[in-house]
Amino acid sequence: MPAQLHFNLLTLFPEMFPGSLGYSLSGRALEDGIWSYDAVNIRNFATDRHKTVDDTPFGGGAGMVMRADVLEKALLALPIERGRTIYLSPRGKPLNQRIVEDLSQAKNLTLLCGRYEGVDQRFLDAYDIEEISIGDYVLSGGEPAALILMDACIRLLPGVMGNETTPDEESFCGDGLLEYPHYTRPAEWTTADGRTCTVPDILRSGDHGKVRAWRHAQSLALTRERRPDLLPPDPEND
Ligand code: ADE
């Protein structure tokens, strides 16, 4: 049976995959065939003797640019249909849970991992390649960003998570608020330097309605403090 989600990875470092995704729930799901990947070495498609994949930018400036002709050869040689094709780049659309949910519905995704300064724009334009960023900071290459995007998609695939968590109660799901704080045994814990830390009484009261209300209030307060941008607009402030 084909995997529910297949990733084609275009990279200069195929040995970076499956990396962290070979462990834990995603690792088991990979073994179980729920998801699959081909990591294709872009360098195999260079045509000169030195296996060149990049060149200096027209117009001058620092860094090197990945060549459109080499990337095209790698893309067209993919053994499995490319599906939506995404270039991981700090100038892309910021990744969020809504985009992850959408991507996780795909059958095939192709992820282009850049190194150097970037990719020849003609390649991105000619093959309708979307750009996605995992945050407002610059990595030295797209591979860790691809692993993050893949992780977020894989955990949503049916059969991956089991009972480990319920996605609807997590941050950015359901009501779109940050997750409330969690506590477990022991109910009273004393730190190495003698501070005694207890658990909020409500969580041990057995009153499920009160627990739910407390957690919602905590989620709201945390979101207001840390991520007010996630809150729905307040009509009182209009
Ligand atoms: N490659 C380098 N930086 C990146 C970022 N912030 N997001 C996605 N890909 C990247």
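This is a predicted model: local features need pLDDT of at least 70, side-chain atom pairs count only at pLDDT 80 or more; totals for chains, interfaces and linings use all residues.
Residues are numbered from 1 along each chain as its sequence is written, and side-chain values use heavy atoms, with hydrogens and water left out.

Serine 89 places a backbone N or O atom 3.1 Å from a ligand nitrogen atom. For leucine 139, a backbone N or O atom lies 3.0 Å from a nitrogen atom of the ligand. Isoleucine 134 has a polar backbone atom 3.0 Å from a ligand nitrogen atom. Alone, the ligand exposes 260 Å², and the protein buries 96% of that (Shrake-Rupley accessible areas, 1.4 Å probe; for residues, only the protein chains shown count as cover).

## Pocket and shell

The ligand takes up the space of the largest pocket. On a 1 Å grid over the protein atoms alone, a pocket is an open set with protein on both sides within 12 Å along at least five of seven lines. A molecule sits in one if more than half of its atoms lie within 2 Å of its grid points.

Strands S5 (84-94) and S8 (130-133) are the elements that give two or more residues to the shell. S5 supplies the largest share, three residues. Residues around the ligand (a heavy atom within 4 Å) include Leu88, Pro90, Ile132, Tyr137 and Ala145. The shell divides into eight nonpolar, four polar and no charged residues. Here Ala, Val, Leu, Ile, Met, Phe, Trp, Tyr, Cys and Pro count as nonpolar, Asp, Glu, Lys and Arg as charged, and the others, Gly among them, as polar.

## Overall fold

The protein chain has six helices and 10 strands. These are DSSP runs, numbered from the N terminus: helices are H or I, at least four residues, and strands E, at least two. Along the principal axes, the C-alpha atoms fill a box of roughly 70 × 50 × 40 Å.

## Backbone geometry to check

Phenylalanine 17 and proline 18 are joined by a cis peptide bond, omega about 5°. Proline 18 is in the loop between strand S1 (5-11) and helix H1 (24-31). Serine 24, in helix H1, has a positive phi of about 55° although it is not a glycine.

The bond from arginine 185 to proline 186 is also cis, with omega near 0°. Proline 186 lies in the loop between helix H5 (143-154) and strand S9 (189-190).

Note on methods:
A polar contact is a pair of N or O atoms within 3.5 Å; within protein, one must be able to donate a hydrogen and the other to accept it, and residues adjacent in sequence count only if both atoms are side-chain atoms. On a 1 Å grid over the protein atoms alone, a cavity is a set of points where a 1.4 Å probe fits but cannot get out, and a pocket is an open set with protein on both sides within 12 Å along at least five of seven lines; lining residues have an atom within 4 Å of a point.
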